[in-house]
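Here are my notes for a first look at this entry. Keep the structure open beside you as you read.

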Amino acid sequence: MRHLFLIGEAEHRAWLTRRGDGFALDLDGVLTTVSIESAAGSRVRLRVGEATHDVVLVTDGDHVHLHLDGEIYQVTYRDPVSRYAEAAAQGLGDLAKAPMPGSVVAVRVSAGDVVIPGQALVVIESMKLEMAINAERAGVVEGVHVAVGETFERDATLVTLAPDKEG
Amino acid sequence: MRPEGADFPFDTVLVANRGEIAARVLRTVRALGLRSLVVHHAADAGSPAVRMADGLVEITGSTPTAAYLDAGQIIAKALDAGAQAIHPGYGFLSENADFARKIEAAGMVFVGPAPETIELLGDKVSARDFAAGHGFPIAPSAVEAHDPASFADRIRAIGGPMLIKPAGGGGGKGMRIVRDLARLDEELERARSEAGRYFGDPRLYAERYVERPRHIEVQVLGDAYGEVVHLFERECSLQRRFQKVVEEAPSSTLSDAERERICDAAAGIARAARYRNAGTVEFIHGGDAFYFLEMNTRLQVEHPVTEAITGLDLVAEQLKIAAGRPLGFTQSEITRTGHAVEARIYAEDPARGFTPATGRLLAYSPPAGDGVRVDSGVSEGQDITAAFDPLLAKLVVHGADRREALERAARALSDFVVLGCRTNIGFLKRLLRDPDVLAGALHTDLIAEKPALAADPALSPETLTAVLGAAALSIRTVRDAALAVPPLHAALGDWRN
């Protein structure tokens, strides 16, 4: 059993374990003692093995944001239940998801429409950037989940295609 | 005591903008001893501009953006609040001749050019015709309005690659490069839709796209008496999606002779237009040639790099010019010192094609130090939404020479803490340390040609351990799971496998 963490698009598996009075991180079988002591507000002192880092760290639900050695990282903890539910949901290209948060400018298809790869399904806008969301494969539109003017978060499902029978 | 303000024919200035530029303009208005007001939509509560103004004018609209574009509402409320002058910042209503005209009709001062000048130069098509008519070079082009029916045919006659632009636009929005003219009709349709929505004007024009060009612009100042000076050029070639990311002054890509020619051309265009206000003349520079691109009749986002090398406060100059004062210096009295770099901090995810990012600013701490200036449009705790453009702040760094300025800027980026919303800070740092950037081999496609700069870098095992260690200790579920395991078993370290 490992916990799953996302940094950007990359998945990492690690485990936290007790070590004496504190904790150690198990990453690929390598155990490293880790500890955090708070300094002021979001500024903390992070000890990793022998090394010490002054870090700015904020936790927001399953997201941990940190500024470490001049770089900014956003780590997301993925709990196993939602992860497997998502993986089981549908295959590649069945969902047209929002690559960014924004609002819907135009809806170009409706349920039952036959679409070809590259065909525009919806047009979205965020921070004045307009983008067409295109079908990744040929298929039949199963559902359009947004309407013109509606806002959505990143990775929201905009359009679903009916499962590919040959796939 | 108001030693400077006493000379102004107005004592209250309303800033009709938001974000970093509203805060920037307010700073000078206050420094001059004038009373400062700022408009604001509820979405901007808690922003720096709202905190620093002497008075607030709340505006409403169907969307936050609509409120900032509502000229009638802003003018009416400005009058009610006792404003005698309006500074438009950039974007929104800054290049709207009708807005300028209505402000003047209401008895207030518009801090900008005469409305007729905005009409002449703010419209890209008439500005190009004007520049060409006065003997300044423009790129081969086709203008839709000249004969809409033959527009596509005229584009095809020039041949690819072509750049399609909204006639009434700016900021790179709605612009498209068409290399394959077989897709021309489709691209024109999308460009028209964007132009209509962003600028309320679907008309387009097209010009020959210069491959790997440099974008050079020249800052000018003109007073109400026909005097015009230039404040040297800015190098703005580092762009993504036609939007500037890093700007410098001076340009490292120009020889002294080229610099003189391009700066003289810019001042010449402004002089021919009897230009009044701070303004920017933009050029495309490719090979040995440069073409007039457009003139921006307002303060520019990247104006601080010019301020850094000339020591002038451009907003103060705008206000003095609007107050009817003559320019306080001649061309030969303007000098430049050292090198300045600006890096734009955008709320976006470079690794996902620079797509916009949103979130709450859980921690926000800009850098400081010698030669470091940060113009922030946001404060800690503020929500970054998809309603506005993604510019959060500008880092401006001045150094003795280009190398020092670039390295100082990269180091300052390392100290820039923005948590809770993805930004391009890591990307900017990699960009400023790119060998071609360090060598000054800049062009507008550089960022697109180096996708590795935008990708999330691979982490060393040490860094990965530190980042995951910090995250694991901070997530309650992960800590609880560790505490649930008896320490004896955990200490053995290998029972899990």
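1. Start with the make-up of chain A. Its secondary structure comes to 1 helix and 16 strands. Please keep in mind that this is a predicted model.

2. Next, confidence. Chain A averages a pLDDT of 88, and 90% of its residues score at least 70. Helix α1 (residues 80-89) of chain A has the lowest mean pLDDT, 63. Strand β7 (residues 63-68) of chain A has the highest, 98.

3. Now burial and contacts. Chain A has 167 residues, and 31% of them are buried. Take the contacts in chain A between residues at least 6 apart in sequence: 40% of these join residues at least 24 apart.

4. Look at one sheet in chain A. It is open and has 4 strands, in the order β13-β12-β10-β15. The pairing is antiparallel. Which strands stand at the edges? They are β13 (129-134) and β15 (151-152) of chain A. Each has a single partner strand, so one side of each is left without a neighbour in the sheet.

5. Zoom in on one pair in that sheet. Strand β10 (residues 102-107) of chain A and β15(A) run antiparallel, joined by 2 bridges. A:Ser103 has A:Thr151, in β15(A), as its bridge partner. As background, strands of a sheet pair through backbone hydrogen bonds.

6. Chain B has an open sheet of 8 strands. Their order is β14-β13-β10-β11-β12-β15-β22-β20, with antiparallel pairing. At the edges stand β14 (289-296) and β20 (372-376) of chain B. Each of these has a single partner strand, so one side of each lacks a neighbour in the sheet. From one strand to the next, the twist averages 25°.

7. Within the chain B sheet, follow β15 (residues 339-346) and β22 (residues 391-399). These two strands of chain B run antiparallel, and 8 bridges join them. Find B:His339: its bridge partner in β22(B) is B:Gly399.

8. Finally, the contact between the chains. How many residues does each chain bring? Chain B gives 47 and chain A gives 54. Several elements of chain B each supply at least two residues to the side that touches chain A, among them α9 (184-199), β17 (355-356) and α14 (425-432). The largest share of that side, 11 residues, comes from α18(B). By class, the side of chain B that touches chain A has 29 nonpolar, 10 polar and 8 charged residues.

How values were computed: Residues are numbered from 1 along each chain as its sequence is written. Chains are lettered from A and ligands numbered from 1 in the order in which they are written. This is a predicted model: local features need pLDDT of at least 70, side-chain atom pairs count only at pLDDT 80 or more; totals for chains, interfaces and linings use all residues. pLDDT is the predictor's confidence in each residue, from 0 to 100. A residue is buried if 20 or more other C-beta atoms lie within 10 Å of its own, exposed if 12 or fewer, and partly exposed in between; C-beta atoms are placed from the backbone. Two residues are in contact if their C-beta atoms, placed from the backbone, lie within 7 Å. Two strands pair if DSSP finds at least two bridges between them. Axes are lines fitted to C-alpha atoms, for helices over the stretch in contact, and angles run from 0 to 180 degrees between N-to-C directions. Ala, Val, Leu, Ile, Met, Phe, Trp, Tyr, Cys and Pro count as nonpolar, Asp, Glu, Lys and Arg as charged, and the others, Gly among them, as polar.
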